[in-house]
Amino acid sequence: MQMPMSQEAGEFSCLVCGCGSVGFLILERLRRENISCTCLDNDPSRVKELRAQNYETFCIDIANEEKLSELGLFDVVFFVTDDHEANRAGVIWAQKALPSAQIIARANDPINKTELAEAGADSVIYPQEVVANATYSSLEQLRSQGNGSKLMQILEQWTGSLGIVLHTNPDPDGISCGFALATLAHMANPNLTVRLLYDGAIGYQENRALVNLLDLKLERLKTHILAQCTYIALVDSGGPGINNGLSRDTHVDIIIDHHNEKNITPNAAFIDIRPKYGACASILTEYIKALNITPNSELATALLYGIKTDTKDFHRNLSPNDLMNAAFLLEYTDADLLDKIILPQYSHEIMDILGNAIINRKTKSGYLFSNVGYVRNRDALPQAADLLLSLEGITTSIVYGITDEAIIMSGRNRDVRLNLGAVMSETFGGIGDAGGHVTMAAASIPLSIFSLVRDKEVLLELVIEPLLQNLYRQIGLLEDNTEY
Ligand SMILES: [Mn+2]
């Protein structure tokens with residue numbers, strides 16, 4: 001029997017043991033990738049067939065260790081016969097005879113899987129499971145393909161104008177989805193007028209940077225503008241009146257969302273709600289992929305930024321699809337544009353507030369409190385609380401200030417024993433709006449008749465102390481009577 005030549009240095013080589021249907025498909029795949037390959041089977045007629053197709057094939061039984069050892073060295077060895085015991089024996093042999101090779105084995109049931117891994121296989125493939133997973137992922141892809149085409153068909157048929165309503169205080173996910181849907185609508189139907197509508201405020205400077213750099217025209221959601229829209233679409237929001245400025249009875253034609261809203265029975269021509277997705281931008285990206293559209297760099301950058309922020313830098317509510325969609329977008333993303341969005345210039349006011357928050361900070365037992373005085377831009381408060389939480393030794397930061405209407409407070413917390421949202425709600429719920437989660441919370445206490453007081457900072461000095469005393473009591477900071 002002629003044995004294979006020893007492998008040249010640097011060349012990657014594989015041995016495939018068992019060339020039934022699975023083994024043969026592996027061989028074909030390896031050949032397509034130009035990977036050097038040797039194979040063996042114990043069936044002489046099968047060996048003949050493979051040789052006829054120019055595969056370097058040997059007629060050897062896996063149990064014949066002596067013959068196997070004569071084949072030389074390989075980087076990767078596959079044991080993929082349909083005989084579990086033969087595969088297991090092969091793995092045990094390869095472990096000893098080819099210590100530097102990677103061993104891949106085929107399992108025929110879940111118990112085989114464990115046994116082969118225990119025998120020393122580096123990777124175990126259970127074909128039935130591979131089929132099940134592939135079926136599921138193609139199902140998701142088909143869903144996007146189906147939905148993508150359906151969406152385009154609907155848009156194609158419309159005449160007039162489409163109002164895309166973003167949610168209240170739109171974030172990058174919502175903004176990028178609005179931009180993506182507007183782009184798709186324009187592609188499907190250039191005659192359809194598209195308007196992007198929002199209510200609330202575009203607060204964070206990153207969000208404003210996104211809108212400015214994309215050159216988006218966002219309009220305030222007003223009754224007379226709504227009346228001009230023939231069709232209404234909602235993105236990143238599950239229904240009319242759910243975190244958006246529409247009244248509950250507004251008829252909506254398109255809903256694309258990833259929130260898990262219960263008790264909604266929307267009646268729209270197009271609905272795609274996928275709570276498993278970390279970002280709505282991920283759903284829009286799948287349409288783009290499924291429709292074979294090459295996104296331009298602005299669209300790709302916006303959607304990637306939407307996925308990135310909604311999944312909190314890829315570690316909140318993240319699904320494998322979000323990662324795959326982000327990987328798809330990355331190829332078309334403009335890195336400079338993304339940098340400009342992520343590192344926007346701070347306004348003087350925000351810088352002043354951050355500065356005040358740093359200067360006025362007081363700390364005690366891991367808690368940090370800071371008075372930022374009078375603020376016009378209330379979004380600066382959570383940013384200041386975020387920043388101060390990064391100070392060493394601090395586990396909870398609470399920043400407060402005053403606007404024309406209310407005393408406002410924003411807290412950040414990483415001490416999981418403390419539920420900051422519950423504390424805020426307990427302390428201030430009776431006199432204002434307060435609440436949140438374990439890690440982030442906020443409170444707003446209306447000034448009512450005091451709103452007439454001119455000097456808001458003096459007013460804050462006067463009223464803040466009893467409020468803070470209550471908060472200290474709630475979190476157990478008053479026990480040693482320390483002054484603040
Ligand atoms: Mn979202």
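Two residues count as in contact if their C-beta atoms, placed from the backbone, lie within 7 Å. This is a predicted model: local features need pLDDT of at least 70, side-chain atom pairs count only at pLDDT 80 or more, and totals for chains, interfaces and linings use all residues. Residues are numbered from 1 along each chain as its sequence is written.

**Helix α12**

- Helices (H or I, at least four residues) and strands (E, at least two) are DSSP runs, numbered from the N terminus.
- A residue is buried if 20 or more other C-beta atoms lie within 10 Å of its own, exposed if 12 or fewer, and partly exposed in between.
- Helix α12 spans residues 320-330, and its buried residues are N321, D322, N325, A326 and L329.
- These residues sit on the same side of α12, because they cover an arc of only 135 degrees around the axis. The arc is that of the directions from the helix axis to the C-beta atoms.
- P320 and A327, on the other side of α12, are exposed.
- The cover over the buried residues of α12 includes α6 (127-157), α10 (280-290) and α11 (297-310).

**The six-stranded sheet**

- Two strands pair if DSSP finds at least two bridges between them.
- An open sheet of six strands runs in the order β13-β14-β15-β16-β18-β17, with mixed pairing.
- β13 (361-364) and β17 (433-436) stand at the edges with a single partner strand each, so one side of each has no neighbour in the sheet.
- On average, neighbouring strands of this sheet are turned by 15 degrees against each other, direction ignored.
- β17 and β18 (residues 440-446) run antiparallel and are joined by four bridges. G435 stands opposite A442 in β18.

**Helices on the sheet**

- Helix α15 (residues 380-389) packs on the sheet and touches β13, β14 (367-374), β15 (396-402) and β16 (406-413). Its direction makes about 150 degrees with that of β15.
- Helix α17 (residues 456-475) also packs on the sheet, touching β14, β15 and β16. The direction of α17 makes about 130 degrees with that of β15.
- Axes are lines fitted to C-alpha atoms, for helices over the stretch in contact, and angles run from 0 to 180 degrees between N-to-C directions.

**Positive phi in two loops**

- Most residues other than glycine have a negative phi.
- D215 is not a glycine, yet its phi is positive, near 60 degrees. D215 lies in the loop between α8 (205-213) and β9 (218-220).
- D215 is exposed, with 7 other C-beta atoms within 10 Å.
- F314 is not a glycine either, and has a positive phi of about 65 degrees. F314 is in the loop between α11 and α12.
- F314 is partly exposed, with 13 other C-beta atoms within 10 Å.
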